[in-house]
Amino acid sequence: MSEFPHKTEYNRLMKSHIKPIRIELPTGLDVGPVNCYLFTEPEPILVDCGVGTTESWEALLAALAQYSLTPADLRRVVITHPHIDHSGQAAKIAALSDCQVWIADLGYEWLVDPKKMFGLRADYYRDHFLREAGIPKELSEMVQAYYVYVGSDTTPVPADSVQTFKVGDWLEMGGANWQVLHMPGHARHQTCFYQPESQQFLAADMLLHKTPTPIVERPLPNQPRQPSLPILMESLSRCEALEIDTVYPGHGEPFQNHRELIQKQCQRIHRRKGETFALIQQGHHTAYDLMNQMYAHHPPAFRFAGLWMLIGYLDLLLAEGKIGVETVDGVWRYSVNK
Ligand SMILES: [Zn+2]
């Protein structure tokens, strides 16, 4: 009779058993390739699934084939957050198989009715957020049109193929239990999955090599806009508190030493926040003006990508009471508190 392996050896075997397999898929987007993670045993499960393009689909087929699998073999596709680079192929996989698409209840509507949800975002941006940020009409209309396009170009997942879970639930993947953690900031509805015994962390776009973008979300009915960067930083400190061996990010190579990365990112955020404060002191008062100053080294067409972080620095300064904001002719005007 063979002896029960030494506990350390047992843990090592456990870790190697449940290790998610990284599949990198092209997106054709500025963000670069996206990661999906495959568990082959005890049943094939895919976490996130890439954008809905032919190139991405072919790359997924080729990657699954290495494990003698096709999309029809997948029992579950688990979505970390319903952004098109993570959930774009879910409808196609569901149509080809009995596969259930799992997502937190928080993100359910984006999966089953992307046209409506992106449309609501586009309206909020046009009528409120971009106007208040002082973005010129032409640029605002381009952004709005982009979201309308994404909404109409994203295939909805039929409701009967969707299975929701809740924050705090445990998902069985790779023969182990992963806890669902709510990690808002990049997206309000983002979830990460944590496996406590092996200390593995499926991080979605929460922990990335580059600080995730704090996307401005449409406020819930009768509520003020939620400040995405302060929320992201709260999520970062919750990640910092977790005992993590390996982080499996939504983009880029898996990594260790998550605390070092978080500290570096927080330091940078505070430095950039200080630079934003200095620009307000120098007499720049609208988000648009500040964006053009902050990203002056980029051509105008590329500066808009910086707006999310800039709004975040302003939200942090507001929360700290260093600056105030008033609305003048429908546009936010920031000034230094005396
Ligand atoms: Zn992403």
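Two residues are in contact if their C-beta atoms, placed from the backbone, lie within 7 Å. Keep that cut-off in mind for what follows. The model described here is predicted.

Phe 39 sits in strand E2, which covers residues 34-39. What does Phe 39 touch, leaving aside residues up to four places away in sequence? Its contacts are Pro 20, Ile 45, Met 173 and Gly 174.

Is Phe 39 buried or exposed? A residue counts as buried if 20 or more other C-beta atoms lie within 10 Å of its own. Phe 39 has 24 other C-beta atoms within 10 Å, so Phe 39 is buried.

Sequence and space can also be set side by side. Phe 39 and Thr 70 are separated by 31 residues in sequence. From C-alpha to C-alpha, Phe 39 and Thr 70 are 13 Å apart.

## The six-strand sheet

Strand E2 belongs to an open sheet of six strands. Their order is E1-E2-E3-E4-E5-E6, and the pairing is mixed. Strand E1 (21-25) and strand E6 (162-165) form the edges, and each pairs on one side only. From one strand to the next, the twist averages 25°.

Strand E5 (residues 100-104) and E6 run parallel and are joined by four bridges. Val 101 has Val 162 in E6 as its bridge partner.

## The five-strand sheet

Another open sheet has five strands, in the order E7-E8-E9-E10-E11. Its pairing is mixed too. Here the edge strands are E7 (170-173) and E11 (246-249), each pairing on one side only. The twist averages 25° from one strand to the next.

Strands of a sheet pair through backbone hydrogen bonds, either parallel or antiparallel. Strand E9 (residues 191-195) shows the antiparallel kind on each of two pairings. With strand E8 (residues 176-182), E9 pairs antiparallel over four bridges. In that pairing, Gln 179 stands opposite Tyr 194 in E9. With strand E10 (residues 200-204), E9 pairs antiparallel over three bridges. There, Phe 193 has Leu 202 in E10 as its bridge partner.

E9 and E10 also make a hairpin, with four residues between them. In the turn, Gln 199 has a positive phi of about 55°.

In a regular strand the side chains alternate between the two faces of the sheet. Which residues of E9 point which way? Thr 191, Phe 193 and Gln 195 point one way, while Cys 192 and Tyr 194 point the other. Why is E9 described as largely enclosed by the rest of the structure? Five of the five residues of E9 are buried.

## Helix H12 and its partners

Helix H12 runs over residues 307-319. H12 has 13 residues and reaches 18 Å from its first C-alpha to its last. That is close to the 18 Å expected at 1.5 Å a residue.

H12 is mostly covered, with 10 of its 13 residues buried. Among the buried ones are Leu 307, Ile 311, Gly 312 and Asp 315. What covers the buried residues of H12? The cover includes H8, H9, helix H10 (287-294), strand E12 (323-328) and strand E13 (331-336). Just after H12, Gly 321 takes a positive phi of about 75°.

Two packed helices are described by the angle between their axes and the distance between the axes.

| Helix packed on H12 | Angle | Axis distance |
|---|---|---|
| H8 (residues 228-241) | about 80° | 7 Å |
| H9 (residues 258-281) | about 80° | 9 Å |

Take H8. Angles from 65 to 115 degrees count as roughly perpendicular. At about 80°, H8 is therefore roughly perpendicular to H12. Ser 228, Leu 229 and Pro 230 of H8 meet Gly 312, Asp 315, Leu 316 and Ala 319 of H12. By class, the contact of H8 with H12 has four nonpolar, two polar and one charged residue.

Now H9. H9 and H12 are likewise roughly perpendicular to each other. From H9, the contact uses Arg 272, Lys 273, Thr 276 and Phe 277. From H12, the contact uses Met 309, Leu 310, Tyr 313, Leu 314, Leu 316 and Leu 317. The residues of this contact divide into seven nonpolar, one polar and two charged.

How values were computed
Residues are numbered from 1 along each chain as its sequence is written. This is a predicted model: local features need pLDDT of at least 70, side-chain atom pairs count only at pLDDT 80 or more; totals for chains, interfaces and linings use all residues. Axes are lines fitted to C-alpha atoms, for helices over the stretch in contact, and angles run from 0 to 180 degrees between N-to-C directions. Angles under 35 degrees count as roughly parallel, over 145 as roughly antiparallel, 65 to 115 as roughly perpendicular and the rest as oblique. Ala, Val, Leu, Ile, Met, Phe, Trp, Tyr, Cys and Pro count as nonpolar, Asp, Glu, Lys and Arg as charged, and the others, Gly among them, as polar. Two strands pair if DSSP finds at least two bridges between them. The expected span of a helix is 1.5 Å times one less than its number of residues. A residue is buried if 20 or more other C-beta atoms lie within 10 Å of its own, exposed if 12 or fewer, and partly exposed in between; C-beta atoms are placed from the backbone.
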